[in-house]
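Please keep the sequence and the coordinates in view while reading.

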Amino acid sequence: METYQIYSLTSAVLFVIGMGGVFVSRHFIKKIIATIIMGGGVFLVFVSLAERDALTFADPVPHALVITGIVVAVASAAFALALARRIYQLTGEESFTNDK
Amino acid sequence: MSIMIDIILAVLAIYLALQCLFAPRLTQTVFLFFAFGLALALAWVRLGAVDVAITEAAIASGFLGVLFLDALRDFSLAPPLKWDNLEVVHSSLATKNPKSLFLPRLALMLGLGLFLLIALEAVWKIPEGGGLTAAAEALLPESGVEHPVTAVLLNFRAYDTWLELGVILLGLLATFAVGGIKIYRKPPVVADDILLRQVILFFTPVLFLFGAFLLYFGKSGPGGAFQAAVLWGAIGILLHLGGRPVFSMIPRWLGQLSLTVGLGFFLILGFFLLAGGATLFEYPPAYAGVLILIIETLAAISIAAALTAIFANLNQMNKEESNQIESTN
């Protein structure tokens, strides 16, 4: 079994864990973290395939895409966090509730 | 033997992700998230993606972890009236008919399991395309740098990087819009702590130098604008926490300039290249190295400023809220 195969299988598991987390977890912060774990799974596929296609060096295009992707994911997570804190500030709720 | 390390790392990453989501307390979640990011960074080193590993450890684990830690202050250390709320939520959950929750959970588990199988099969059977390694290798001498990832980021796919700077700026503007733009007025009052001052005095030059090194080293090895930007952004966060918020100390136009200079320079450069008859971001090979270094420096300044501003804005939200609570009490 090759290195890249281990990590590409891991990536599928991480993605599903993150997706389950988005559904199951209630708190805003946990939901945001779950989406980041999903993203980590996607990035892991890219990088493990870059390793598979390596010649003298690993395929640099997926690497560049992943670096870009990480920064964009962080920017959107920061925005989500700002929204979550604003909701908490205005309503005092820290999860989506259907009661009201 | 090396396969064993990979398996252990993979299991560790999965375990940390699960623990992170099912930890009972929010503080544990955030700290396990730090650990998860670092485990993922190690996995990337094993896959030969050192640039990605540095970015992950610095931005995704470090910077985002700091934002979450900052957010924890209002979520988990909330005033006592929050606990009553929580108990109400819990009791309403408990009294809700358990059978009504059983079916959705079963459906969710089944769906996730099915999706996992599909994803595993899809990942296992991704066709061998050969990738773009050969193309990148052939054009590397023309790119002006020696490191293939930097070449792709700032030359071959400069368009992506340019738009990414725009996304970061957009993220900053969105957090401004959410929080209301009343920041950078009065510096937060922080007790004059000798230890804090010494930490700031010691780490500011170290972080700056290390960032500059990573920026320059990106030409020939792992490193570059993003990695440097996070280190420089860390200086801004450190200064902000030490009661010296950068954006309220420098003039307003300078702050705005440093936020937009990366995006703006890219845009102007692209315009001049287009006007000169080349395609967008098609650098003349003779000047490519110098141009890339200038772009990287300006982009790093912009990203560092944006990260600092995002942190400062989110941190300020916290302050305003605690002030509000105090005033209502």
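Helix α3 of chain A is mostly covered, with 23 of its 32 residues buried. A residue is termed buried if 20 or more other C-beta atoms lie within 10 Å of its own, exposed if 12 or fewer do, and partly exposed in between, the C-beta atoms being placed from the backbone. Helices (H or I, at least four residues) and strands (E, at least two) are DSSP runs numbered from the N terminus. The model is a predicted one, in which local features need pLDDT of at least 70 and side-chain atom pairs count only at pLDDT 80 or more, while totals for chains, interfaces and linings use all residues. Residues are numbered from 1 along each chain as its sequence is written, and chains are lettered from A and ligands numbered from 1 in the order in which they are written.

The length of α3(A) agrees with expectation, because its 32 residues should span 46 Å at 1.5 Å a residue and its end C-alpha atoms are 46 Å apart. The expected span is 1.5 Å times one less than the number of residues. After α3(A) comes A:G92, which has a positive phi near 75°.

Angles under 35 degrees count as roughly parallel, over 145 as roughly antiparallel, 65 to 115 as roughly perpendicular and the rest as oblique. The crossing of α1(A) and α2(A) is left-handed, a term for a near helix turned anticlockwise from the far one by less than a right angle, with right-handed used if the turn is clockwise. In the contact of these two helices there are 15 nonpolar, ten polar and four charged residues. Here Ala, Val, Leu, Ile, Met, Phe, Trp, Tyr, Cys and Pro count as nonpolar, Asp, Glu, Lys and Arg as charged, and the others, Gly among them, as polar.

The two chains meet in a contact that takes 68 residues from chain A and 71 residues from chain B. Residues are in contact if their C-beta atoms, placed from the backbone, lie within 7 Å. On the side of chain A that touches chain B, α1 (3-24), α2 (28-52) and α3 (60-91) each supply at least two residues. The most comes from α3(A), with 23 residues. By class, this side of chain A has 44 nonpolar, 17 polar and seven charged residues.

Chain B consists, in its secondary structure, of 13 helices and zero strands. Of its 329 residues, 39% count as buried. Among its contacts between residues at least 6 apart in sequence, 73% join residues at least 24 apart.

Within chain B, helix α3 (residues 50-75) and helix α10 (residues 225-241) have axes that come within 9 Å and cross at roughly 25°. This angle makes α3(B) roughly parallel to α10(B). Their crossing is left-handed. Residues making the contact include B:I54, B:A58 and B:F63 of α3(B), and B:F226, B:V230 and B:I237 of α10(B). The contact comprises eight nonpolar, four polar and no charged residues.

Helix α3 of chain B also holds B:G65, which counts as buried because 20 other C-beta atoms lie within 10 Å. Not counting residues up to four places away in sequence, B:G65 touches B:V30, B:F33, B:F34 and B:G37. B:L32 lies 33 residues from B:G65 in sequence, and their C-alpha atoms are 9.9 Å apart.

B:G255 counts as partly exposed because it has 18 C-beta neighbours inside 10 Å. Leaving aside neighbours within four places in sequence, B:G255 is in contact with B:F247 and B:I250.

A further pair in chain B joins helix α6 (residues 133-143) and helix α7 (residues 148-156), whose axes come within 10 Å and cross at roughly 70°. These helices are therefore roughly perpendicular to each other. Among the residues in contact are B:L140 of α6(B) and B:V152 of α7(B); the classes are six nonpolar, two polar and no charged.

Definitions and conventions. Axes fitted to C-alpha atoms, helices over the stretch in contact; angles between N-to-C directions.
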